[in-house]
Structures are given as structure tokens and as C-alpha cells.
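Visitor: I would like to learn how to read a protein model. Could you take me through one, feature by feature?

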Amino acid sequence: MNTILELRDVSVGYDQSTIVKHVNLALEKGEIGCLLGASGSGKSTLLRAIAGFHPVSEGAISLKGKVIASTSEFVAPEHRHVGMMFQDFALFPHLTVGQNIAFGISDSPEFKTQERRREKVLEMLSLVGLEGFENRSIHALSGGQQQRVALARAIAPQPDLLLLDEPFSSLDTDLRKDLSYQIRDILKQQGISAILVTHDQNEAFSFADKTAVLGEQSVQQWDTAYNLYHMPVNAFVADFIGEGCFIEGTIVDEDKIATALGVLINENHDFEVSSKVNVLLRPDDVLHDDKSPLRAKIVKRDFRGANVMFTLELSQDSVGTEQKGNLHESVEQVLCLANSHHIHSSEDSLAVRIAPEHVIVFAK
Ligand code: ADP
Ligand code: MG
């Protein structure tokens, strides 16, 4: 393994207030990481600490094995070989596209001659699909084109790490998706390591190899999208990532949990027999099956084209009325994602069964 960026026990804050505490994560060379969290969770503050625009109050940040920030060490931003891209393109409006891209390399000995600089600018323009745009004015570009110029400018100096702070947020949905795919392809093709900041989990999942879920002043889990969704380490991550509900379960023996939807296999042996637990059910864990004897009341149908997301209510007598979990206020509800051919618009209940291999359990 070849670690490019490492955060060891990093805390950041402003004056007396700590924003994010004890962050530990490592990014391998060529990997794309993501800081995902609600607005105000501290993503930009942490990113600025990596860039060198904000101090760390505890711990250490290393780049290529060298400490660049700790309480005793500090490498200035311009000496970190880190590139940045922001939401508001931050291009120089009075310079042309070519001059904007050349800006970051004008001090580099490798690009001393104008000829060498121009060569690099043309190479970058072709990389981001903007051949022929060298002499255009920034004002003449669309938002997506401006972001591609910003990318070209950020990666022209061949940074060891690229930091992207919500770079797609000001673009409309379609363009945003297209541009994020294009930029991911360019980074992967060039082997550029990067950290993306976003509040949009779909963007995180399609762009990043690994994502840090920020919340409650810490990184709750640093993992692949698959693991965040299917193996959340705590109820916060389970609730934050994807859709789902908690239902109550009772541990009946080492490997069985009794729930209103039947007995499930328990793979988590941390719980004592007869203890109450919260069982996470994703919409794809609850399957529509006409042969199943279990019927649940349909309380909502959300038509999504190929699928319908059903909100189902389990019968009160089989579940009880106690509060159970924090994903839904009415806790005896589960979600079921069914093929939209299975809409029975006249029916008020749906036959379901649980696919138990995805069941995740937390202490109540
Ligand atoms: P995010 O990028 O996740 O939306 P930020 O890192 O921008 O979050 O902000 C995290 C918290 O730090 C917020 O509560 C914000 O109000 C606070 N904050 C941000 N900048 C400053 C500042 N310059 N001084 C004091 N508090 C700040
Ligand atoms: Mg931010």
C-alpha cells in the first residue's frame, strides 16, 4: 500500500469550539475519498486544514509520509503540492482560459519557458475536452465549462492531492452528474488522488472509492459505499445513508431474532438472549412476494418509474405500540422497493417477506 494522505487523531475548530474531533483516515495513492455530511458538519473546515488554510488543534496530517500539519509543525499551503477546486469556480475573470490554466504553473521551473507553458495548457485543454478554448474569455463559458477550466488549472501543476469542495453544487442536476463522471474519469486516468467534499450521498457514492460520514462532531465511518450501506457501524450511519427503517426485535437464541416480520438469522453475537434490539431493514430487504402469508398495510406508494417504494405498516397486535428506533416516527413501518409492474392500485395491503442476509442489528 502506498498511502498519500493520512489524518491521525485530527481535531479542528474555531477559537474555543471544536468542530470535528479525532479524525483518523488514510487515502491510498490514486484513490478518491469523500467527506460526506450535512451542512455545518465541518467538511470544509477539515478540507481547509488539509489544504493548509486552517490549523489543526490536535493530531497530525501527513502527505506522502511527511507531517504537514500538527500542533508543532506547519507546511505552508503553497508548499504542500495540493490543488483545489471550489463550488464558485474562482477563475480570474480578466484572464483568458489559457491564462487561467497557465497561472498555477508560471512559477514552476519545469514550465519556465512560454513554449513549455503553452504546451501544458494545450495538453490540459485536451484532457478536459476544451480544445480550441485557449483564447476564450471566462465570461463566454457555461458553468460546466468553467468547472472544467478550474479542474485544468488545479491539476496543471501535477499536485500530489486534489481537494474539491462541493464543485458541482451550483450546476443543475443533469450537468452535475455528467461533469462528475467526466471529472472522475480524468482523475482516474491520470492517477490523481483526491478528496471530494459533498452533502449529496449519491454524488459521494458515484465519485469516491471511500467515504467518510461526518456527523456529531466526528467521522462515524470511513468506508466503501457498499459497506456504508450494507454494514453501517452504528445507527447514525444507518440512518444517514440510504433509506430504511428500524423494527424491534428480540434475541431468542444465539442466532435468531424474533420480529413482527418473522424470525431472522442473527449474525451479531454481541447481544444476550432475550434482549431487545433494533433491526435495520433496507427497502431491498423487504420483498414483495404473493406467496408469503405475511401481509402489511400500504400507507404510501412512491412511484419511481421502474420501482415503487411502498411504505408498509405492520399490524399493531404483532408489533406492539412502543416506540422503536429513530428512522421513522411511526416505528412499525417498513419500506419495500418493488418492481413497478407490481402496483396493485386497488389493494390496500401487500404480501411481503424479508430477505434475511442483509439484516443489521443495533442495541436498543
Ligand atoms: P460544512 O462544510 O460541512 O458545511 P463548515 O466546515 O463550513 O461545514 O462549518 C462547520 C461549522 O463551523 C459550522 O457550524 C460553521 O458555522 C462553523 N464555522 C465555519 N467557519 C467559521 C469561522 N470562520 N468562524 C467560526 N465558526 C465557523
Ligand atoms: Mg462546506
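**Reading the model**

Guide: We start with one residue: His230 counts as buried, because its relative accessibility is 16% and the cut-off for buried is under 20%. His230 sits in helix α7, which covers residues 225-230. Keep in mind that this is a predicted model.

Visitor: How far is His230 from Ala212, in sequence and in space?

Guide: In sequence, 18 residues separate His230 and Ala212; in space, their C-alpha atoms are 15 Å apart.

Visitor: What is the secondary structure of the chain as a whole?

Guide: The chain has 9 helices and 20 strands. Its C-alpha trace spans about 80 × 50 × 35 Å along the principal axes. Of the 364 residues, 50% are buried. The chain exposes about 17,500 Å², and carbon and sulfur atoms supply 48% of that area.

Visitor: What share of the contacts between residues at least 6 apart in sequence join residues at least 24 apart?

Guide: The share is 68%.

Visitor: Which residues have the most contacts inside the largest nonpolar core?

Guide: The general idea is that nonpolar side chains tend to be buried together in soluble globular proteins. In this model the largest nonpolar core has 45 residues, and those with the most contacts inside it are Ile101, Leu151, Leu162 and Leu187. Helix α4, residues 143-155, gives the most to this core, with 6 residues. There is also a second, separate core of 31 residues, which includes Val12, Leu25, Leu63 and Leu214.

Visitor: Taking Leu187, what is it in contact with once neighbours within four places in sequence are left aside?

Guide: Leu187 is then in contact with Ile32, Leu151, Leu162, Ile192, Ala194 and Phe207.

Visitor: Now the ligand. Which residues surround ligand 1?

Guide: To read a ligand site, list the surrounding residues and then look at individual atom pairs. Ligand 1 is surrounded by Tyr14, Ile19, Ala38, Ser39, Gly40, Ser41, Gly42, Lys43, Ser44 and Thr45. By class, this shell has 3 nonpolar, 6 polar and 1 charged residues. Helix α1, residues 43-51, supplies the largest share of the shell, 3 residues.

Visitor: Which side chains have an N or O atom 2.9 Å or 2.5 Å from an oxygen atom of ligand 1?

Guide: For Lys43, a side-chain N or O atom is 2.9 Å from an oxygen atom of the ligand. For Thr45, the corresponding distance is 2.5 Å, again from an N or O atom in the side chain. Gly40 takes part through its backbone: one of its backbone N or O atoms lies 2.7 Å from an oxygen atom of ligand 1. On its own, ligand 1 has 570 Å² of accessible area, and the protein covers 54% of it.

Visitor: Is Gln333 buried or exposed?

Guide: Gln333 is buried, because its relative accessible area is 11%, and buried means under 20%. Gln333 lies in strand β18, residues 333-339. Its side chain makes a polar contact with the side chain of Glu313, at 3.3 Å.

Visitor: And what does Arg353 touch, not counting residues up to four places away in sequence?

Guide: Arg353, in strand β19 (residues 349-354), touches Asp285, Val286, Leu287, Asp289 and Ser292. With Asp289 there is a polar contact between the two side chains, at 2.6 Å. Arg353 is partly exposed, with a relative accessible area of 40%. Between Arg353 and His199 there are 154 residues of sequence separation and 33 Å in space, C-alpha to C-alpha.

Visitor: Last, the backbone angles. What is the phi of Asp9?

Guide: The general idea is that most residues other than glycine have a negative phi. Asp9 is not a glycine, yet its phi is positive, about 55 degrees. Asp9 is in strand β1, residues 3-14, and counts as partly exposed at 33% relative accessibility.

Visitor: Where is Glu216 found?

Guide: Glu216 is in the loop between β9 (210-215) and β10 (218-223). Glu216 also has a positive phi, about 50 degrees, although it is not a glycine. Glu216 is exposed, because its relative accessible area is 62% and exposed means over 50%.

Notes. Residues numbered from 1 in each chain as written. Chains lettered and ligands numbered in written order. Predicted model: local features only at pLDDT ≥ 70, side-chain atom pairs only at ≥ 80, totals over all residues. Heavy atoms only, no water. Core = buried A, V, L, I, M, F, W, Y, C linked by side-chain atoms within 4.5 Å. Buried < 20%, exposed > 50% of the residue type's maximum accessible area, 1.4 Å probe, protein only. Helix = DSSP H or I, 4+ residues; strand = E, 2+ residues; numbered from the N terminus. Contact = heavy atoms within 4.5 Å. Near = heavy atom within 4 Å. Polar contact = N/O pair within 3.5 Å; in protein donor to acceptor, adjacent residues only side chain to side chain. Areas by Shrake-Rupley, 256 points an atom, 1.4 Å probe, with all protein chains shown as cover. Nonpolar A, V, L, I, M, F, W, Y, C, P; charged D, E, K, R; others polar.
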